[in-house]
Amino acid sequence: MRVTFTANGKPVEADDVWEGESLLYVLRERVGLPGSKNACEQGECGSCTVYLDGTPVCSCLVAAGQVQDREVRTVEGLTEESGELGLVQQSFIDAGAVQCGFCTPGLLVQTDALLERSPQPSDTDIREALSGNLCRCTGYEKIMDAVRLASARKCQKAGAAE
Amino acid sequence: MSTRTIQGQKNLQDITTGSKDGIGGSPLRPDGTLKVKGEFAYSSDMWHEDMLWGMALRSPHPRANILSVDISEALRTPGVYAVLTHEDIPGTKFYGLEIQDQPALAIDKVRYHGEAIALVAADHPETARRAVKKIKVEYEVLTPITTEEQALNPEVHGYVHEPHEYKSHGSGNICHSQRLVFGQGVTDEVKALADVVVKGEYEVGMQDQAFLGPESGLAVPAEDGGIDLYVATQWLHVDRQQMAPVLGLPEEKVRLTLAGVGGAFGGREDLSMQIHASLLAQRTGKPVKIVYARDESFFGHVHRHPAKMSYEHGATRDGKLVYSDVRLVLDGGAYASASPAVVGNAASLGNGPYNIPNVRMEAIALYTNNPSCGAMRGFGAVQACFGYETQMDRLAAELGMDPVELRQLNAMSEGDRLPTGQQIDSPAPVAELLRRVKDMPLPPPLDLANLDIRELPGALSNTSHGEGIVRGIGYSVGIKNVGFSEGFDDYSTARVRLEVIGGEPVAMVHTAMAEVGQGGITVHAQIARTELGVEQVTIHPANTEVGSAGSTSASRQTYMTGGAVKLAAEAVKQALIEKGRKRYGWTQTDLDLVGGKVVSAAQGSLVSMVDLLGDEAIDLTREHHHRPTEAFDKVTGQGFGHVQYTFCANRAVVDVDVELGLVKVVELTAAQDVGKALNPLSVVGQIQGGCTQALGLAVMEEIIVKDGKVRNASFTDYLIPTILDVPPIPVDVLELPDPNAPYGLRGVGEAPTVSATPSIVAAIRQATGIALNRIPVRPEHITGTL
Ligand code: FES
Ligand code: FES
């Protein structure tokens, strides 16, 4: 089948999609967006997290056909048009929250979504929001630092804009 | 290759970063920007126009004879390009890290659940999956050998490998063994010197590395009949060395390039898909990509050895250790992998960082029909640490002593001897590290009135409002060796090039080191900056075009490849200064490279490196070998076996719901001596990550194997710690330089994984009063409903 949807603001179409294919597979193997990662393909690790119509979902659990005419935003879409890193991306680098980085794309999308709905989360809020995203390398401490840093920067930016 | 491939392979090109930070600073990762943009190409992102997908058929039985394999129907499936069995292997059929006992594809029998039997290449992963299902295998199913008792009685239960099959392995189903006797060993006389004796039997379950990036890679057939493989691995050259004979190719025709690695932790030391993808590429003449699904990943790599251990310690009434008597049985599973070296580590480090005048020890690894075990972070030292640290707590209780004081009283320090007889010739601040973790402030006590219940054990499941919650505190300390031991000529190679690019001096570093996430490439850039006084450093992708870097394991890469980069950079620096001497007739002996200039300490700047270099490049390659070690004596275990030691101490604070058996680690503190922190941010990150894997082993992580069959090969059933399970991990870094190591550094990555587990179990024990002699501790161990 053919599936057409919007990925990071641009229309895309994928042909010859087999009905069992996941959104993750279509993104990674068919439309040239391999940023979302494949670690379990069972909805357990969060590495494949993308926005679907503004809500973070595990793209490995979404059948490709379900995204027809909908909007997908992936980690690639967190970078500004200018090529400049988004605030959450920069904070992960600055805090040393990236080691192997395989969990990073999913965590970035999930963090972005958290700070959208709650710009100043408590530590427990952060832990709750990110509990579906496994990281095997960091021990999460620096990921906590990264989210706190991103939150502070976001609030500062909002303050400056007022 | 298409534009998409080139786009997807950014990390396979040079990465240049600029910074002023040399060693001791914490510059940002050179690959960080690509990683947060989603542009870093991991091995599972490799893509080639016209590529095929490879997949393996794996055995559902842990032990069976293969009577026949029928591939005809699979071959007829539309979209299938090749189906291969062992008969299609052009070269030798076996490989292995230390003993060549593992067939690339099963021949006439299978020895573990998940062993690969046949391969398929197809145009879509789903086509491959369906074709794999159409391969018909007739088995004669045999009763698997799964216990120590069965393995040690081969006359009754048989052999995992027939005795004639491999000359190099031990007798019966013993893959490897190591004995050790220190002092007088354990005699009646020695025993009589002890006032108190503590005996215990301990068990460690099978832990998995569970790196997130699945085993994967792309094999591309080359015009010269060779293979180009883009793969996530820990040691490019040893992969090639094992692959070439099986592919029937000379080594130079097997070229490996490191693709992005999503974590490793020892699980990528053995081959996984390397030979399989290459065989399929050879046969089809097309690029072949293999990406393991998570269940296949559990089947496709070796795990941490499960262990059964018996410890006996004798001590005087005032707490001085008199003797220890230890037996460690490690289940190595079907193939040897790294078992011999793991046994060597377990035997030599299995008494911990303590002075014990008399020791008797035996460590063995068995061949069984359980999954194969090999390298995992901590490598043989982890299991033993749970044993000896539990013993220390029990001994302290027996003597009515404080458990930290008892440890400090017996702690080894510089100048002391290990039970291998080796004298420790660099700082060993064991007592100091314990003091540091003990002195760190404790988290505030449980305050049930002002509590967010999400912070209690069971967290989000809302299982408690504070009733039945008890807090406990536990301590531990551990020892780990750094680098390869027992006489192995451990070395690494680095090429450093200095040239002027865009009006600036730029250093290029080329090694075959596998960057698996640990941050080695950041450190290489720091070393080049420090030695050459430049800001811009280019990291060349790791590949087999440069000499071997050895493995990214054993906490050795900063020591070994970092050391090689230092040597090569120093050589480049000397060559540049020599060039200046020739040109300008300098006679000063105090010349150095600083801030892009050649400077004399007395006279300041002499000339800019740009002017001195002109359009000439200086390009030199150096090898770094560590000082030689020697094999342990077979009978006594004596010998200068390890090149360096590293120590970490921990304190764990836990809350336990004693009604439900749920544990929440509230805080896990670490103090570690790193010799010299080349990159403090990375060092702390490594220690926190290492502690987290130890936490996993303490309370949740285990591959459940029943009758040789794996029952939980998924992230649904094999649990690794989430951000809710992991507490704050305050880290105290001590820097006491090792005079024998580059910059005085010590390997960092493994020590916390060795030491942290027992502190958590000790804390649970303190909270509940239950013995807990097995890890991981499960709720039923706490509630007694086992
Ligand atoms: S790959 Fe989708 S949740 Fe793990
Ligand atoms: S950084 Fe490796 S999994 Fe998170």
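Accessible areas, as quoted in this briefing, come from the Shrake-Rupley method with a 1.4 Å probe. By that method chain B exposes about 26,300 Å², and carbon and sulfur atoms supply 50% of this area. The structure is a predicted model, with scores of ipTM 0.98 and pTM 0.97. The points below treat chain B as a whole, then chain A, and then several individual residues.

**Confidence in chain B**

- The mean pLDDT of chain B is 95, and 98% of the residues in this chain reach 70 or more.
- Residues 1-8 of chain B are a stretch where the pLDDT is below 50, although the model gives this stretch 19 contacts beyond near neighbours in sequence.
- Where pLDDT is low, predicted coordinates should not be read in detail.

**Chain B: overall form**

- The secondary structure of chain B consists of 20 helices and 32 strands.
- A compact globule of 786 residues would have a radius of gyration near 28 Å, and the 27 Å of chain B agrees with that expectation.
- Along the principal axes, the C-alpha atoms of chain B fill a box of roughly 80 × 75 × 60 Å.
- Among the 786 residues of chain B, 64% count as buried.
- Of the contacts in chain B with a separation of 6 or more, 80% are made by residues 24 or more positions apart.
- Chain B carries 69 positive and 95 negative side chains, and 2 Å separates the centres of the two sets.

**Chain A: overall form**

- Chain A contains five helices and five strands, which follow one another along the sequence in the pattern β-β-α-β-β-β-α-α-α-α.
- For 162 residues, a compact globule would have a radius of gyration near 15 Å; the value for chain A is 16 Å, which agrees.
- The box filled by the C-alpha atoms of chain A, taken along the principal axes, is roughly 45 × 35 × 25 Å.
- In chain A, 58% of the 162 residues count as buried.
- Residues 24 or more positions apart supply 54% of the chain A contacts that have a separation of 6 or more.
- The charged side chains of chain A number 15 positive and 24 negative, with the centres of the two sets 5 Å apart.

**A buried strand residue in chain B**

- B:Ala670 belongs to strand E28 of chain B, which covers residues 662-673.
- Buried means under 20% relative accessible area; B:Ala670 has 0% relative accessibility and therefore counts as buried.
- Beyond the neighbours within four places in sequence, the contacts of B:Ala670 include B:Val437. They also include B:Cys648, B:Ala649 and B:Asn650, as well as B:Pro730, B:Val731 and B:Asp732. B:Ile687 and B:Cys691 are likewise in contact with B:Ala670.
- The C-alpha atoms of B:Ala670 and B:His86 are 49 Å apart in space, and the two residues are 584 residues apart in sequence.

**Backbone features in chain B**

- Most residues other than glycine have a negative phi, and most peptide bonds are trans.
- B:Ile775 and B:Pro776 are joined by a cis peptide bond, with omega about 0 degrees. B:Pro776 is placed in the loop between strand E32 (774-775) and helix H20 (779-783).
- B:Asp50, a residue other than glycine, has a positive phi near 70 degrees. This aspartate is found in the loop between helix H2 (32-37) and strand E2 (52-58).
- Exposed means over 50% relative accessible area; B:Asp50, at 53%, is therefore exposed.
- B:Tyr743 is also a residue other than glycine with a positive phi, in this case near 55 degrees. B:Tyr743 lies in the loop between strand E31 (731-734) and helix H19 (751-768).

**A buried loop residue in chain A**

- A:Pro34 is part of the loop that runs between helix H1 (23-30) and strand E3 (49-52) of chain A.
- The relative accessibility of A:Pro34 is 9%, so this proline counts as buried.
- A:Pro34 and A:Leu107 are 73 residues apart along the chain, and 15 Å separates their C-alpha atoms.

Terms used. Residues are numbered from 1 along each chain as its sequence is written. Chains are lettered from A and ligands numbered from 1 in the order in which they are written. Side-chain values use heavy atoms; hydrogens and water are left out. Helices (H or I, at least four residues) and strands (E, at least two) are DSSP runs, numbered from the N terminus. The radius of gyration is taken over C-alpha atoms; the globule rule is 2.2 Å times the number of residues to the power 0.38. Buried means under 20% relative accessible area, exposed over 50%, partly exposed in between (1.4 Å probe, protein chains only). Contact means heavy atoms within 4.5 Å. Lys and Arg count as positive and Asp and Glu as negative; His and the chain ends are not counted. The place of a charge is taken as NZ of Lys, CZ of Arg, CG of Asp or CD of Glu. pLDDT is the predictor's confidence in each residue, from 0 to 100.
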